[in-house]
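Open your viewer and get ready to click along. We will go from stop to stop, and at each one you will hear what to select and what is there.

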Amino acid sequence: MIQLRHLRLRSFTATRAFGADIPFEVGLNVVQAPNTSGKSTCLQAIIYALGLERSLGPQLTVPLPYAMREQIHQFKEDPYDLVLQSYVELEIANAQGEIVVLHRDVVGDKSTKLIQTWNGPSLSSEIPRGKQRDYFVLDGGSATNESGFHAFLAQFLGWDLPIVARYDGTECPLYLEAIFPMLFVEQKRGWSAIQGPFPTFLRIQDVARRVMEFLLDLETAKNRRRRAELRAAISDLLGRWSDRRKSLEEAAARVGRIRGLAVQPSAEFAAAPTLDLQLYYQGEWIRLADVLQIASGRVAELEASQVESVEQAAPDVQARLTDIRSQFDVLSAVLEAVRGEHSAETQDNAALEERVAALETDLKRNQDAQKLQRLGSELGRAASEHVCPTCHQDVSNELLPTVDSVGMALDENIVFVKSQLELYRSALLNSRERLQEIAARYRGSERDLQDKQQQLRVLRQELMRPSASPSRAAIEEIVRLQAFIDRLESIDELANSLLDELREIASEWALATSNLRQHPVDELTVADKRKIEHLQTAIRRHLDIYGFRSFQPGEISLSLDNFRPLVLRDDNGETMEKEIYFEMSASDAIRLKWAYYLACMELMRDYSVNHPGLTIFDEPGQQEVESSSLFEFLRSASQSAQNGQQVLVSTSETYETVNSLLGDRANIVSFAGFILQPIETGSAN
Amino acid sequence: MAEIDIANRRFSFRRRPVPVPGDLRIAWRVALIMAMLGSSRANRASLAKLHIINDAIRSSQHDRLKTILSGTHAAVPWNLRVEPAFARAVDFVVGEKMATWTKASGRAALQLTKTGIDAAAAVMGVEDALVEERVAVAELAKLITETRVGALLGEKVRA
């Protein structure tokens, strides 16, 4: 919530000081003065003090008239004096009762990008100024940086600004400049649209919808945000999964292959993670755990056996030597075969890759051709209607060389290429998998071969040792097996730790996915709809009071898309919602704007909304709207402004009229001439 | 499987349409030519230049061509392949009165007509098609001057 308490304008010339002090109260405040006397200056000074001038447009000029910037005089006939220094000060309060005074220079030594603040009501009660803090506006980061004024203001208002999408695909907070046109109706352009007009240079997508969702605090906006967060989290998890999966695959590829690890996480995996690490061991694929068991069993067996002398072991060693030698030969042959297989598969793979790339290019080009058809006859009749421009014959063979073939229609062609692409892609995937497996098999066979080679060497040496010495073959086998087991175990350990991580990722993924499903799609919730209905009823009520005549007030409804007013029309027996702008008289557009803005603010009373409870109308008597309507508007504005809410209105209706109409129901600040008048220099700070 | 009585049936043959590579689509190629001419100086380019760019784009070698044109690797040869389909597309362009025959630096050249300029602008304005191609064409069309066309074709530079 925001409440304006006091506005002070100061403009100094070489000889005199001009100024105005306007106290505001809770409820309706009317600034009454004749035309061209400075009412708009006052209201725009509020915008300027809040650093929100860019809600009026992208230009960086100070939105204040000459009197505050360049030259000033006391009466119309007087010569002008040059302004040497000027500033604006505004005292505001929030829902917690905190009060700050804002000071911003217009002309002077300090940068206009600087807004100084002091705690405490030093404008309205002349007490000494409290703690000072400086903030900046208009520079990048003003809405997000700790020392940015709009970050401070949002926090002061208790606003948690939503993050919204921009046209260029980036995101930004919903800037205060975008929100403010729903609180301040500026005189020159403000009355031209029912909502806003919102500044477009901020490049926020669906800005009207985003602002209304925020001001009315609709759940759908929060849901959308939540969904975006969940989607980001899910894509992050998928990335981590494929990352971990890759390192697991790489680790596995050092010894064998991995089976049953899905490309994407699943709930099933989260519940019961399984992993099948296989090793190519002695000619077949065996699970790592089984290999470990076989190897450890063999070690135990060897350890248990008695150490024999070379002589005793000789016949056995001889037999093993022959056996291993023949195994060695077989393995060498196998390895050669696998190597051949590998190079064949590599070639296959390369061919498939090339084919897929060519198909992808072709698909792209055909799709481009399809999109280019949108240009229609711009590219000539040959391209759009397949008629030769010269001989008027059919050219549906496109640019194909043979005359007697008919080219496929574009759509059909695209489907055709796509199906081919699908086929080749899956073939490529299979080929990649085969390639990996062959590589693993190759490594497995190679390891076996080395193993055998080593054994052969050991056994041969064994036979040449003195016959009485103890046989070393068994001991060496134990050592070799132990080294093998150690290697497998380290990989097993790595796999297990990665498996834990994968399981964690999978369970987080499952949670995020189910959360995402639970969040309703981009639709208004029941509570949201209730709010909108309430708003609609309030708008109709206001319209009724203001003498809105272009339609029956009951015909006005609100778009559920961006909450703009629509009119319900009977169109051939069907009730249709239609845009209203051109079917409405100009003065009724003004009435609708009053109704819309006041109704939005009134919603605060019954619902929790982000509306700060302040609405400013600069000269609501537009388009020569009848005085009676204007008075009705002022009267209902004075009623609307309850519960600490505030409405500021400037008008050039005479003081007598305004006073007799509103009396003590409004704080009327009246000026007979120019609002900026000479003041005692002593009272200026 | 039940045997089908073939003898007492009437046959009719219908020609199946054949798939067309995307770059043999008239719309695709005409749009490409529009982009080439539209990016060239004064909306005019010699047929030889068009052939060179066309070849580079089709065979996805525009990066290589750019390297050659940048002059850092002076000795890289460029083998130009002349594509009949391109010539047909050029005929369509002329037939549709989007470009007219003219001469540039002593070579046959194409000049965009008013309709052609509009068409080229429309092609450049399409956001989601020919994205890479347009970038490459815009760069190449500026880089390849008519003098350089001669060098690329292996003509002796006249003293």
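Let's begin with the whole structure, where there are 36 salt bridges over all chains; a salt bridge is a side-chain nitrogen of Lys or Arg within 4 Å of a carboxyl oxygen of Asp or Glu. Before you click, know that this is a predicted model, in which local features need pLDDT of at least 70, side-chain atom pairs count only at pLDDT 80 or more, and totals for chains, interfaces and linings use all residues. Residues are numbered from 1 along each chain as its sequence is written, chains are lettered from A and ligands numbered from 1 in the order in which they are written, and side-chain values use heavy atoms, with hydrogens and water left out.

**Stop 1: a salt bridge in a helix**

Select A:Glu229 and A:Arg226, which form a salt bridge with their closest N and O atoms 3.6 Å apart. Why are they about one helical turn from each other? Because they are three residues apart in helix H6 (residues 219-255) of chain A. Helices here are DSSP runs (H or I, at least four residues) and strands are runs of E (at least two), numbered from the N terminus.

**Stop 2: where the chains meet**

Now show chains A and B together: 35 residues of chain A are in contact (heavy atoms within 4.5 Å) with 37 residues of chain B. The area buried between chain A and chain B is about 3200 Å², and carbon and sulfur atoms give 62% of it. Buried area is the accessible area (1.4 Å probe) that two parts lose on being put together, summed over both. Highlight A:Arg365, A:Leu379 and A:Leu399, which supply 26% of the area that chain A buries against chain B, more than any other three residues.

How many salt bridges are there between chain A and chain B? The count is one. To see a salt bridge between A:Arg365 and B:Asp23, select both; the closest N and O atoms are 3.2 Å apart. Next, colour helix H9 (310-372), helix H10 (381-385) and helix H11 (410-464) of chain A, the elements that give two or more residues to the side touching chain B. H9(A) provides the largest share of that side, seven residues.
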